[in-house]
Amino acid sequence: MSPLLAAQIQQFHAALASVTSEEALYELQVAYLGKKGSVTALKGEMGKLPPAERKDFGAAWNRTRDEIEAALERHRDVLKARARDLDLARVVDLSMPPLRPPVGSLHPLTQTRRRLSETFIRLGFDVAVGPHVEGEQFNFDDLNIGKDHPARDMADTFFVEPAAIRGLAPGDVQELVLRTHTSPVQIRTMRTRKPPIRIIAPGTTFRRDDDATHSPMFHQIEGLYIDEGVSLADLKATLMAFTEDFFGQRLAVRFRPSFFPFVEPGAEFDLGCPFCSGRGCNLCKHTGYIEIGGCGMVHPGVLEHCGIDSERYTGWAFGFGIDRMTMMLHQIPHLRLMFEGDTRFLEQFPC
Ligand code: FA5
């Protein structure tokens with residue numbers, strides 16, 4: 001190869017090694033291969049050579065140009081890759097943990113219902129279910145709630161078209177209601193099972209109610225224990241064990257005498273407010289206690305309606321509001337928040 005061309009290649013590679021930008025690379029290309037570039041200028045030298053040497057010089061010049069062009073191309077790729085890495089490093093912090101795709105979670109009420117069921121299952125209870133649309137006999141009559149009882153008032157109860165219902169004699173048509181409590185599941189269970197009976201029945205219930213702590217659609221959990229020699233002391237011990245397990249702390253409990261036609265004696269079950277430890281706060285309306293629901297010893301008349309010998313067996317029952325317990329657990333100020341389906345609210349209860 002001509003020493004002139006060899007010197008050009010050497011100089012070019014030395015200059016290329018210090019090029020760090022695409023602009024500088026373009027300038028180098030122009031300096032060697034542009035119209036007035038040093039390699040382009042050497043092409044003019046060919047005419048000055050003896051004719052016999054021109055062919056070899058021409059071939060060597062072509063090789064020199066090809067080598068320079070290939071080196072320029074390779075260097076351009078390297079610079080582009082370097083710039084891309086730099087951009088990535090600026091935008092993406094590769095040391096950060098990967099983003100998780102958004103995942104849904106169980107509704108806070110479902111979470112509470114499952115926790116309640118798990119707690120009572122651990123205490124030896126089975127889970128029983130009943131329909132939302134219930135006959136008046138199971139929702140009211142068999143629970144000693146007579147035809148003239150205020151609970152049957154149109155103001156409280158949603159009535160549905162009368163029809164025959166499962167579980168009663170064929171052709172027995174009844175007034176149907178959306179069940180106003182989970183207590184009809186007591187009746188369904190006692191009619192179909194023999195003591196000892198130990199069940200819980202969580203489920204949806206309906207009443208014509210609507211304010212900050214009352215909703216037309218709400219949830220209760222019923223508990224029922226029937227056997228020989230069951231006493232009020234068993235009820236108290238079970239509810240205390242449940243409270244400790246569910247709330248993870250020993251809260252004060254209070255039984256306030258109250259009237260429900262299907263229990264005797266009957267009581268309201270209150271819990272010492274877990275937020276203020278009984279000192280008084282907005283959630284417990286400054287009483288130090290929060291009402292959870294009703295309970296008591298199953299009325300002998302109810303046992304007899306279900307074919308259970310009330311001389312031999314006794315039992316207790318309770319019915320608690322799941323929505324209220326969820327409000328207590330999470331300090332939710334208004335019941336309606338739980339039924340609006342607003343994801344900004346629901347996202348606060350991951351599970
Ligand atoms: C009853 O429903 C009885 N069946 C409970 C019972 C069962 C007593 C077994 C004795 C033996 P009560 O109407 O008080 O009782 O309702 C029980 C709980 O359900 C209330 O303390 C409250 O927590 C909840 N509750 C009642 N109505 C609503 C409503 N509209 N919205 C939200 N929660 C409600």
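Trainee: What do the side chains of arginine 65 and aspartate 66 form where they meet?

Mentor: A salt bridge is called when a side-chain nitrogen of Lys or Arg lies within 4 Å of a carboxyl oxygen of Asp or Glu. Arginine 65 and aspartate 66 form one, at 3.1 Å from N to O. This is a predicted model, in which local features need pLDDT of at least 70 and side-chain atom pairs pLDDT 80 or more, whereas totals for chains, interfaces and linings use all residues. Numbering starts from 1 along each chain as its sequence is written, and side-chain values use heavy atoms, without hydrogens and water.

Trainee: Is arginine 65 buried, exposed or partly exposed?

Mentor: Buried means under 20% relative accessible area and exposed over 50%, with partly exposed in between (1.4 Å probe, protein chains only). Arginine 65 has 27% and is therefore partly exposed; aspartate 66, at 41%, is also partly exposed.

Trainee: How many salt bridges does a search of the whole structure find, and which parts does the pair of arginine 122 and aspartate 245 tie together?

Mentor: The search finds 15. In one of them, arginine 122 and aspartate 245 meet at 2.6 Å, N to O. Arginine 122 belongs to helix α5 (residues 108-122) and aspartate 245 to helix α8, so the bridge ties together parts 123 residues apart in sequence. Helices (H or I, at least four residues) and strands (E, at least two) are DSSP runs, numbered from the N terminus. Arginine 122 is exposed at 55%, while aspartate 245 is partly exposed at 36%.

Trainee: With which residue does arginine 336 form a salt bridge?

Mentor: Its partner is aspartate 210, the closest N and O atoms being 3.9 Å apart. This pair links distant parts of the chain, 126 residues apart: arginine 336 is in the loop between α10 and α11 (343-346), and aspartate 210 is in the loop between β5 and β6. Arginine 336 is partly exposed at 43%, and aspartate 210 is exposed at 55%. Elsewhere, a network of salt bridges links Arg254, Arg256, Asp270 and Glu291.

Trainee: What is the strand order of the open sheet?

Mentor: Two strands pair if DSSP finds at least two bridges between them. Here 7 strands follow the order β1-β5-β6-β10-β9-β8-β7, with mixed pairing. The edge strands are β1 (126-127) and β7 (253-258); each has a single partner strand, so one side of each lacks a neighbour in the sheet.

Trainee: In which sense do β5 and β6 pair?

Mentor: Strand β5 (residues 197-206) and strand β6 (residues 217-227) are antiparallel, over 10 bridges. Isoleucine 197 has isoleucine 226 of β6 as its bridge partner.
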